[in-house]
Amino acid sequence: MSAPVSAGPGLIARHYHGHAHGVPVDAVSLDYDARFLRRKVLTTEGGKALLVDLAQTTSLDHGGVLVLEGGGEVAVIAAEEPVLEVTGPDLVRLAWHIGNRHTPAQIAQDRIYIKPDHVIADMLTRLGAGLRDVVRPFTPEGGAYGHGRTHGHAHGHSHGPGGGHDHDHGHDHDHSHG
């Protein structure tokens, strides 16, 4: 006996907008890493299969929408996930060190949230930070110009002597570290 043939996703989205234009018909709850995509089948909160087929890899923000073929929108929700809460009396200095390592960070008035990373955690502890593991939606600041993503140094290319930048971020920047 053969397995039933799937009819494929019932919903298809080929466009993304940073805000809703009406009341969304459904929602997808995605963690930070899953909100960076181009083509993937997702399951909505309502249990429907949704094919996301965007023209380019896109960072989906909490509150944005995937625009459905035939009309309607599916809301993007930042899912709860493990993050590291950073506190301390000199939060500006801690933020500088986090940013200097290109670590995505969500900045609040009296704390910073980052993805768990034992190397960054060790550095922050040595700098006098208070650290606490928490579970919450992670919505870090955008890139240097207020949009896009920052990324840590574990992204597959060299920053050492003679190590050039071999991929396109869609903008110019210098990653030299002295």
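**Entry 1: the cores**

I began with the largest nonpolar core, which has 15 residues; Val-28, Leu-37, Leu-50, Val-52, Leu-54, Leu-60 and Leu-66 touch the most other members. I take a nonpolar core to be a set of buried Ala, Val, Leu, Ile, Met, Phe, Trp, Tyr and Cys residues joined through side-chain atoms within 4.5 Å. Buried stands for under 20% relative accessible area, exposed for over 50%, and partly exposed for what lies in between (1.4 Å probe, protein chains only). At least two residues of this core come from each of strand S1 (11–17), S2, S3, strand S4 (49–59), strand S5 (65–68) and strand S6 (73–78). I also noted a second, separate core of 13 residues, with Leu-84, Ala-105, Ala-121 and Leu-124 among them. In soluble globular proteins, nonpolar side chains tend to be buried together.

The model is predicted, so I note its limits: local features need pLDDT of at least 70, side-chain atom pairs count only at pLDDT 80 or more, and totals for chains, interfaces and linings use all residues. Residues are numbered from 1 along each chain as its sequence is written, and side-chain values use heavy atoms, with hydrogens and water left out.

Not counting residues up to four places away in sequence, Leu-66 touches residues including Ala-13, Val-28, Leu-50, Val-52, Val-74 and Val-76.

**Entry 2: the chain and its strands**

I found 2 helices and 10 strands in the protein chain. Both are DSSP runs numbered from the N terminus: helices are H or I with at least four residues, strands are E with at least two. Along the sequence, the pattern reads β-β-β-β-β-β-β-α-β-β-α-β. Of the 178 residues, 33% are buried.

Two strands pair if DSSP finds at least two bridges between them. S1 and S4 run parallel and are joined by 3 bridges; Ala-13 has Val-52 in S4 as its bridge partner. S3 and S4 pair in the antiparallel sense over 7 bridges, and Phe-36 stands opposite Ser-59 in S4. The hairpin of S3 and S4 has 5 residues between the strands, and Gly-47 takes a positive phi near 85° there.

**Entry 3: rings**

I found 1 aromatic pair in the structure. Tyr-32 and Phe-138 form this edge-to-face pair, 5.2 Å centre to centre, with 75° between the planes. Rings of Phe, Tyr and Trp (its six-membered ring) pair if their centres lie within 6.5 Å; planes under 30 degrees apart count as stacked, over 60 as edge-to-face and the rest as tilted. The pair links distant parts of the chain, 106 residues apart: Tyr-32 is in the loop between strand S2 (26–30) and strand S3 (36–43), and Phe-138 is in the segment after strand S10 (130–137).

**Entry 4: after S10**

Is Phe-138 buried or exposed? I recorded Phe-138 as buried because its relative accessibility is 0%. Its C-alpha atom is separated by 7.0 Å from that of Glu-80, 58 residues apart along the chain.

Thr-139 is also found in the segment after S10. Thr-139 counts as partly exposed because its relative accessibility is 30%. Leaving aside neighbours within four places in sequence, I listed Arg-35, His-62, Ala-78 and Gln-106 as the contacts of Thr-139. From Thr-139 to Pro-104, I noted 9.0 Å, C-alpha to C-alpha, and 35 residues in sequence.

Technical notes:
Contact means heavy atoms within 4.5 Å.
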